[in-house]
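Have the viewer open and follow along.

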Amino acid sequence: MDLIAPLRHRFNPSIHQNPLPLNAKPTKISPSQSVAYGATYAPLEARTSTPLPASGSSRLTSGLCYLVELNEVKSLDLVKAVHGSLIKMSRNWSSDSIAKSLISSYLKSGDFRSAAEVFFVGFARNYVFWSSFLEELESFGGNANQVLEVFGELHSKGMLFDSRVPTMVLKMCTCLAELWLGLEIHAGLIKKGFDSDMHLRCALMNFYGRIWGVDSANQVFDEMVDKEDLLWNEAIVLNLRNGRCDKARELFMEMQFSSASANGSTIAKMLQACGKVGALEDGKQIHGYVLKFGMESDLLICNSLINMYSRNGRLELAKRVFDLMEDHNLSSWNSMISSYATQRYLDYAWDIFNAMESSDTNPDIVTWNCLLSGHALHGSWNEVLMILQRMQTTGFRPNAISVTSVLQAVNELEGLFNFGKEIHGYVIRNGLDFDAYVGTSLIDMYVKNDCLTSAQAVFDNMNNRNIVTWNSLISGYSFKGLFQDAKILLNRMEEEGIKPDLVTWNVLISGYSVCGHSDEALALIRPMKDSGMTPDVVSWTALISGSSQNGNYRESLAFFIQMQQEGIKPNSATISSLLRTCGGLSLLQKGKEIHCHCIRNGFTQDRYVATAVIDMYCKSGNLKTAHKVFRTIHNKTLASWNCMIMGYAIYGLGKEVILLFDEMLGSGILPDAISFTALLSGCKNSGLVREGWKYFDCMSTVYKVVPTIEHYSCMVDLLGRAGYLDEAWDFILTMPFSPDATIWGALLAASRIHKNIEYAEIAAKKLFELEPHNSANYVLMMNLYSMYGRWEDVERLKNLMIEKGVKNSPIWSWIQIDQMVHLFSSEENHPGEWEIYFELDQLVSEMKKLGYRPDVNCVFQDIDEAEKEKVLFSHTEKLAVTYGLITLKGNAPIRVVNNTRICPDCHTAAKYVSLMRNREIILRDGARFHHFREGKCSCNDCW
């Protein structure tokens with residue numbers, strides 16, 4: 001003990017100057033003199049004048065009589081009097097029973113010091129009574145520190161104890177963090193040599209492990225000479241308890257070489273550690289040890305083996321251990337059920353549950369919680385509620401763990417908010433609101449349902465808030481755009497001594513980013529770094545995703561570049577956001593590169609990433625590849641089906657939309673509101689009026705999906721484009737809610753197509769009120785007026801725009817050539833414009849020979865037709881397509897993106913160019929895709 005022993009000199013408490021004095025002659029306590037230490041203190045009868053209670057005899061001759069009298073004594077003085085008599089007549093009585101009564105009497109009288117003195121000198125040799133003595137002491141208002149004070153005084157007076165007393169005192173020092181007294185005991189043991197009691201050595205190791213750290217405990221262990229099995233096991237468990245799994249494994253190996261044996265508890269804890277850290281091979285070796293020494297009948301070990309194998313993803317081995325067990329207890333069944341449930345094998349979990357009931361083993365609350373948490377973990381929310389109902393039917397009341405799983409289901413399923421509030425009432429009535437997880441789940445529920453006041457009330461009533469609780473409410477305020485409240489909560493959190501963690505910063509970044517405040521979100525990175533946190537993949541993904549969701553695709557790509565510069569590798573969520581960005585910009589080549597990255601890194605196995613890949617290809621004009629990726633997805637989600645259906649819809653492939661919808665139904669997946677939006681979009685883009693009516697009518701009647709304003713907008717657009725303007729008007733008048741800008745916008749667009757000024761003016765008037773600064777509405781109306789030569793009305797609208805401060809949004813088209821984007825704008829000239837105009841002039845000449853006639857109605861300027869034809873020449877779609885013909889060699893498709901709806905003249909010209917040059921032209925305008933091939937468009941001129 002060379003390194004630890006000097007601590008005695010360094011830490012020498014003043015109240016105990018002489019730990020175990022070597023010079024003083026110690027008082028030896030014998031079993032027959034163990035009730036009091038008469039050599040040190042005068043008899044208690046000498047310290048009191050109170051006479052002994054009469055007993056019918058002048059002299060008590062039996063310890064049993066004293067025992068009866070002790071039970072009858074009510075005052076402290078009488079207890080001392082009886083004690084004094086006991087000291088004189090200590091040879092003919094049962095020390096254990098009388099000492100126990102004497103201790104109880106002192107405790108009842110409030111004399112905790114005397115009780116402790118009696119205990120140490122007369123009763124401490126018995127391990128069994130230590131815990132009962134401390135419990136009784138605390139029940140009368142005493143505390144363990146008083147016991148240690150008494151021991152310190154007796155210790156300093158030179159009283160000797162056997163090894164049991166310092167063993168128990170060391171345990172108390174460990175629990176109470178009394179490092180000085182513990183060190184003093186150790187110093188005394190060093191002076192007189194180590195006792196052979198293994199319990200004392202274990203207590204010493206535990207003391208150092210808890211107070212000074214596991215390294216000190218290991219040093220104590222290393223310096224011990226004779227190491228018995230108990231010591232080895234204690235050292236291993238101590239290291240496991242402190243997270244030193246490698247050291248525990250090392251000790252376990254050394255123990256085998258020293259011929260010591262591990263007990264069942266140690267092996268079980270080792271197996272649990274192997275499951276926790278993923279050490280499968282170590283776990284297998286321990287399993288071999290179990291088989292070698294015939295310990296496979298130990299239920300605790302077998303249950304730990306099941307847990308170890310399941311945590312390492314080897315359920316087949318866990319099941320094999322389970323099947324080979326001669327007997328199963330409740331914990332065995334629960335371990336197996338939990339293993340299957342957490343690994344997504346829910347059917348197998350139920351098979352084990354049914355087998356458990358067949359074996360006459362009744363499930364307990366742990367069993368039901370395993371099933372609840374397993375189904376919640378894998379998103380089987382409806383099943384969670386069914387399990388709850390079945391559990392209650394069998395007589396079990398949900399506890400905190402049960403309620404947490406059920407609240408997760410309530411938060412994920414629609415329309416269960418009232419049920420969630422009922423659960424909150426149950427939580428309050430049954431005192432479950434003490435649990436931090438329950439409270440946090442309640443906060444999440446109220447946040448999701450926009451009840452931040454209730455969420456704040458739950459938060460304020462919680463006594464044991466953890467960092468997750470704080471983050472949950474901060475997240476709620478952030479995502480609702482209440483950033484000032486979020487900051488107040490953040491400051492309050494820091495004032496209460498809770499340091500924001502990475503999640504705290506990330507939810508703030510996400511909130512700002514999703515709400516379109518990218519600059520503020522990015523500004524949080526610096527204080528985040530200043531606080532010692534390093535932005536991780538979640539931080540950067542939040543910036544990328546938020547920008548992408550708000551249509552700021554260039555900003556999203558810029559954030560990704562910064563993320564790469566920081567050395568952060570993307571995860572599946574990052575990839576999904578990047579694919580959404582590429583789709584938003586129709587960056588097919590960049591999207592392909594990301595798709596290749598997904599394949600190389602295994603991201604395509606993620607169904608959300610696969611769906612994002614489909615969406616990217618659809619929006620980048622490569623529907624064929626999108627369909628191929630779609631077919632490779634196993635266990636397609638509803639989102640995957642919706643994405644592919646919408647892909648066909650934006651290309652105007654209505655019949656394919658309907659076929660895919662029917663295929664989805666055949667696979668057992670029911671549609672949601674998004675499914676019907678895609679389906680009705682396909683019908684409107686293909687002019688399938690009858691089919692559109694059919695699916696709109698069956699939404700609520702067959703599939704129980706309530707139509708939203710988006711579905712009504714699709715129907716107005718469908719009817720209007722097909723020329724049924726009167727029906728569209730009647731449909732608007734019978735809607736169950738007020739028409740919004742999308743409804744009037746659909747009617748205005750249809751009125752322009754069919755040149756119906758009456759309905760157009762009604763729609764425009766509403767739009768000018770709802771969207772006074774949307775220039776597209778003014779342009780559409782001016783276009784319609786120009787068709788009828790109503791130039792005064794055109795000028796009137798121009799003046800109205802000036803009066804309201806409405807500016808025309810710049811019109812642009814772009815095409816990507818060799819990783820470079822070429823932009824064609826009405827406000828900026830392209831460097832190769834002369835070559836482009838020359839080629840375009842040649843194309844128009846050829847088209848005219850084939851019957852092309854410029855549609856001058858697309859020009860709403862009061863100029864002659866020759867000038868209007870020149871204006872048509874400058875339309876950005878034509879310039880981009882022409883530049884593609886010049887620069888793209890071979891038969892590569894020409895892909896153009898335009899930010900407005902393509903005009904009829906450009907649409908006609910694109911059809912002629914595809915026929916003359918035998919090239920596919922894929923043009924994405926502000927509303928949909930047009931795929932031109934061999935003189936035809938995928939929209940069938942229904943746009």
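How much space lies in the second largest cavity? About 90 Å³. The model is predicted, so to speak of local features a pLDDT of at least 70 is needed, side-chain atom pairs count only at pLDDT 80 or more, and totals for chains, interfaces and linings use all residues. Residues are numbered from 1 along each chain as its sequence is written, and side-chain values use heavy atoms, with hydrogens and water left out.

Now to the spaces themselves. On a 1 Å grid over the protein atoms alone, a cavity is a set of points where a 1.4 Å probe fits but cannot get out, while a pocket is an open set with protein on both sides within 12 Å along at least five of seven lines; lining residues have an atom within 4 Å of a point. Points are joined across faces, edges and corners, and a volume is the space filled by probe spheres set on them. Searching the whole structure gives five cavities of 30 Å³ or more.

The lining of the second largest cavity includes Leu-840, Glu-877, Lys-878, Val-881 and Leu-923. At least two of its lining residues come from each of helix 47 (833-849), helix 49 (876-887) and helix 50 (904-916). Helices here are DSSP runs of H or I with at least four residues, strands are runs of E with at least two, and both are numbered from the N terminus. By class, this lining has nine nonpolar, one polar and two charged residues, where Ala, Val, Leu, Ile, Met, Phe, Trp, Tyr, Cys and Pro count as nonpolar, Asp, Glu, Lys and Arg as charged, and the others, Gly among them, as polar.

Of the 26 residues lining it, Tyr-608, Thr-637, Leu-638, Ala-639 and Asp-672 are the closest to its centre. Helix 35 gives the most to this lining, with six residues. Eleven of the lining residues are nonpolar, eight polar and seven charged.

What about the packing? A nonpolar core is a set of buried Ala, Val, Leu, Ile, Met, Phe, Trp, Tyr and Cys residues joined through side-chain atoms within 4.5 Å, and buried means under 20% relative accessible area, with exposed over 50% and partly exposed in between (1.4 Å probe, protein chains only). The largest such core has 225 residues, and Val-169, Phe-252, Ile-267, Ile-614, Met-644 and Leu-747 have the most contacts inside it. Another core, of 34 residues, lies apart from it, with Val-844, Val-881, Cys-903 and Phe-932 among its members.

Six of them form an open sheet in the order 2-1-3-4-5-6, with mixed pairing; two strands pair if DSSP finds at least two bridges between them. Strand 2 and strand 6 (936-937) stand at the edges with a single partner strand each, so one side of each has no neighbour in the sheet. Strand 1 (residues 812-817) and strand 2 (residues 820-825) run antiparallel and are joined by six bridges, with Ser-813 partnered by Phe-824 and Trp-814 by Leu-823. In their hairpin, which has two residues between the strands, Asp-818 takes a positive phi near 50 degrees. Strand 3 (residues 894-898) and strand 4, by contrast, run parallel and are joined by four bridges. From strand 4 (residues 921-924), Ile-921 and Leu-923 point one way and Ile-922 and Arg-924 the other, and all are buried.
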